[in-house]
There are 2 protein chains.
Amino acid sequence: MTRTYQLTFLVGLKSGILDPAGQATRNVLQHMEYAVQDVRIGKWIRVAIQADNAEHALALGQEMGQRLLSNPVMESFEVTVKAL
Amino acid sequence: MTRTYQLTFLVGLKSGILDPAGQATRNVLQHMEYAVQDVRIGKWIRVAIQADNAEHALALGQEMGQRLLSNPVMESFEVTVKAL
């Protein structure tokens with residue numbers, strides 16, 4: 001019996017890597033007079049998946065994150081699981 | 001005295017709106033034989049900001065989300081705050 005789990009991936013540039021979109025956003029916020037020091041931007045991905053249990057869903061999530069959902073050269077990701 | 005807070009925005013297309021990037025990702029994951037039903041993609045934005053207290057930081061976050069960080073026609077956002 002499988003059930004549905006929701007995986008949430010947070011994918012972002014590795015910490016040493018320049019984030020031009022974040023810098024542009026920081027500059028605009030500063031011009032709008034917000035006391036902002038740093039901005040980083042990344043993407044979230046929510047996946048509904050069938051799995052035997054939460055551990056299985058999370059293992060599939062780690063695999064999908066490495067194979068497709070992140071670029072391992074420039075990006076890192078974290079994935080969390082929740083039963084739906 | 002102000003201190004630094006981290007705001008985290010999760011911005012995404014409103015729920016009725018088609019997400020072509022999510023659909024394309026779902027199709028690829030299905031071809032890779034993952035039992036995936038639905039995929040939605042959005043962005044996260046992390047902002048370090050000076051504020052008097054957490055409530056003030058969150059109020060600034062709501063304002064920034066509406067004025068700059070989301071497109072109110074197509075997107076919704078949620079923002080959370082954490083002391084740094």
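Where do R67(B) and E63(B) lie, and how many residues apart? I looked this up before anything else. Both are in helix α2 of chain B, 4 residues apart, about one turn of the helix. Helices here are DSSP runs of H or I with at least four residues, strands are runs of E with at least two, and both are numbered from the N terminus.

**Ground rules.** I am working from a predicted model, in which local features need pLDDT of at least 70 and side-chain atom pairs count only at pLDDT 80 or more, while totals for chains, interfaces and linings use all residues.

**Salt bridges.** I took a salt bridge as a side-chain nitrogen of Lys or Arg within 4 Å of a carboxyl oxygen of Asp or Glu. In chain B, the side chains of R67(B) and E63(B) meet at 3.9 Å, N to O. In chain A, E63(A) and R67(A) form a salt bridge, with 3.9 Å from N to O. These two residues also lie in helix α2 of their chain, 4 residues apart.

I then checked exposure, where buried means under 20% relative accessible area, exposed over 50%, and partly exposed in between (1.4 Å probe, protein chains only). R67(B) counts as exposed at 51%, whereas E63(B) is partly exposed at 36%. E63(A) is partly exposed, with 36%.

**Interface.** I counted contact as heavy atoms within 4.5 Å. By that rule 31 residues of chain B are in contact with 31 residues of chain A. The two chains bury about 2700 Å² between them, 65% of it on carbon and sulfur atoms. Buried area is the accessible area (1.4 Å probe) that two parts lose on being put together, summed over both. On the chain B side, Y34(B), W44(B) and L68(B) lose the most area to chain A, together 24% of what that side buries.

How many salt bridges does the rule find across the interface of chain B and chain A? I found 0. For polar contacts I found 18 residue pairs across the interface, both residues at pLDDT 80 or more. A polar contact is a pair of N or O atoms within 3.5 Å; within protein, one must be able to donate a hydrogen and the other to accept it, and residues adjacent in sequence count only if both atoms are side-chain atoms. β2(B) gives the most to the side of chain B that touches chain A, with 15 residues.

**Cores.** I used the rule that a nonpolar core is a set of buried Ala, Val, Leu, Ile, Met, Phe, Trp, Tyr and Cys residues joined through side-chain atoms within 4.5 Å. The largest has 18 residues, and those touching the most other members include I49(A), M64(A) and V36(B). β1 (3–13), β2 (36–51) and α2 (54–69) of chain A, with β2 (36–51) of chain B, each supply at least two residues of this core. Another core, of 17 residues, lies apart from it and has Y5(B) and V79(B) among its members.

**Backbone.** Most residues other than glycine have a negative phi. E33(A) is not a glycine, yet has a positive phi of about 75°. E33(A) sits in the loop between α1 (20–31) and β2 of chain A and is exposed at 74%. E33(B) also has a positive phi, near 75°.

Terms used
Residues are numbered from 1 along each chain as its sequence is written. Chains are lettered from A and ligands numbered from 1 in the order in which they are written. Side-chain values use heavy atoms; hydrogens and water are left out.
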